[in-house]
Amino acid sequence: MEVTLTDDFKKLRSSVRELVINTLDPISLEVEKSSLIPEYVVDELRHLGLFGMPIPKTYGGLGLTTIEEILIYEELTRTNGSYRSRIGTSNGIGSMGIVYDGTAAQKSHYLPRIASGEWTSAFALTEPDAGSDAGNIRTTAVLEGDHWVLNGNKIFITNADTAQLFTTIVVTDEEKRNRGGVTAFIVEKGVPGFSIGATDIKMGLKGSHTHELVFKDCRVPKDNVIGGMDMVGQGFKTAMRVLDKGRLTMGACAVGAAQRVMELTIEHIHRKLASGTSKGDLQTAQFLLADMATRIYAARQMLHHTARMKDSGDNVTRQSSMVKVFCTETASLVADWAMDIFEEDGCLTGNQVEMFLRDVRLYRIYEGTSEIQRLIISRDLLSQ
Ligand SMILES: Cc1cc2nc3c(=O)[nH]c(=O)nc-3n(C[C@H](O)[C@H](O)[C@H](O)COP(=O)(O)OP(=O)(O)OC[C@H]3O[C@@H](n4cnc5c(N)ncnc54)[C@H](O)[C@@H]3O)c2cc1C
């Protein structure tokens, strides 16, 4: 399945590569230390249109295909993963529910704001008793006149502090639950009864913040059901479709990070050789390097192949899970092997390998843990 990349796309990819080299990477360790992405950097990301990558052109986005988006994320994640998270959560899980299932009015009202980066969006599914088991969510919404009244808590919500819009998944029918009793809402920041808790202190991706959301008799206009009142009860399907796409994105982030870690390792081995270490003494390092390259090659091939299948209209649920589990586990292995090769230098705070090792570990948790991906794959195989 060959794909021809347009000149416009090639130009975009080069601009992203230059931005990473000249602007994002030089401050990546500073972003890690301060847990903050400077606003001028967010402006540069906006300027390139990255907040609107998968959003259709009609709504001001770039309208990229899946393979194009994947190739951009591979570039963008060759540095601190927090930059990608800020953008990718907004134009991915935060807004794709509206792209897929929103009404015409919702699309034309919200998508241009998100595509331009004027607004950021977030996706609120996880709760204290509902992470992997998303069907176990407890946050409820009850219709009272012209408003829905939401009560409950969400946790680990990326972008909560910068978002103006939260795609929020709640129970509207306790008996049916995820079989027709879950609904996706658009919750705007500032509606009565909605508040955001303290920033979580995470081990990695420190420039991308997660928070608790609290809904206490939170009043959301009736029209804010994604897809309108006909879609009440259909929110679980919307959420699963959104996550399906997110798994390929996570695969791309993992491949981009792994590639960069391998390149840092090659530079390190060259430095060792230049300072007089013999090739013989570096045999273990060379073998690990060969394993890195082999895993990354396999991961990238399956990622690109699946992205192209998706662009051709194929159902890629099983393949997306395979991509997520294989690529994210590859990134963790590669970062771990790099730590072996860098020895004591690698584990010092301020070494990029140490930052990547912590960042890529998180890729194995969100948008479905590795165990959940394996369940999806095996269930699909056994249902044939
Ligand atoms: C950095 C980060 C950002 C996040 N951003 C968001 C966000 O923006 N929006 C959002 O809604 N959520 C977000 N999350 C939450 C994330 O989606 C959940 O952490 C994830 O789904 C796992 O849920 P859990 O933490 O409750 O773990 P649990 O579901 O409690 O799982 C605990 C462990 O048990 C395993 N396990 C669970 N069920 C099974 C099973 N049936 N079979 C085998 N093993 C099982 C899991 O794999 C895991 O190892 C984020 C998380 C992180 C770390």
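Trainee: Which residues does Glu367 touch, not counting residues up to four places away in sequence?

Mentor: Glad you began there! In this predicted model, Glu367 touches Ile93, Leu243, Gly246, Arg247, Met250, Lys324 and Gln373, with residues up to four places away in sequence left out. As for its place, Glu367 sits in the loop between α11 (352-363) and α12 (370-382).

Trainee: How do you know that buried Glu367 has no salt bridge?

Mentor: Compare a distance with a cut-off. A salt bridge needs a side-chain nitrogen of Lys or Arg within 4 Å of a carboxyl oxygen of Asp or Glu. For Glu367, the nearest side chain of opposite charge is Arg84, and that is 5.3 Å away.

Trainee: Arg84 belongs to helix α5, I see. What makes α5 largely enclosed by the rest of the structure?

Mentor: Count its buried residues. In α5 (residues 82-91), 10 of the 10 residues are buried, so the helix is largely enclosed by the rest of the structure. Among them are Ser82, Tyr83, Arg84 and Arg86.

Trainee: Why is Ile37 called buried?

Mentor: The relative accessibility of Ile37 is 7%. Buried means under 20%, so Ile37 counts as buried.

Trainee: Where is Ile37, and which residues does Ile37 touch?

Mentor: Look in the loop between α2 (28-34) and α3 (39-47). Not counting residues up to four places away in sequence, Ile37 touches Val31, Val42, Ser82, Tyr83, Arg86 and Gly207.

Trainee: What makes α10 roughly antiparallel to α11?

Mentor: The angle between α10 and α11 is about 155°, with 9 Å between their axes. The cut-off is over 145 degrees, so α10 is roughly antiparallel to α11. Their crossing is left-handed.

Trainee: Which residues meet between α10 and α11?

Mentor: From α10, the residues include Lys324, Thr328, Ala331 and Phe342. On the α11 side they include Val353, Leu357, Arg361 and Tyr363. You have met Lys324 already: Glu367 touches Lys324 too.

Notes:
Residues are numbered from 1 along each chain as its sequence is written. This is a predicted model: local features need pLDDT of at least 70, side-chain atom pairs count only at pLDDT 80 or more; totals for chains, interfaces and linings use all residues. Side-chain values use heavy atoms; hydrogens and water are left out. Helices (H or I, at least four residues) and strands (E, at least two) are DSSP runs, numbered from the N terminus. Buried means under 20% relative accessible area, exposed over 50%, partly exposed in between (1.4 Å probe, protein chains only). Lys and Arg count as positive and Asp and Glu as negative; His and the chain ends are not counted. Contact means heavy atoms within 4.5 Å. Axes are lines fitted to C-alpha atoms, for helices over the stretch in contact, and angles run from 0 to 180 degrees between N-to-C directions. Angles under 35 degrees count as roughly parallel, over 145 as roughly antiparallel, 65 to 115 as roughly perpendicular and the rest as oblique. A crossing is left-handed if the near helix is turned anticlockwise from the far one by less than a right angle, and right-handed if clockwise.
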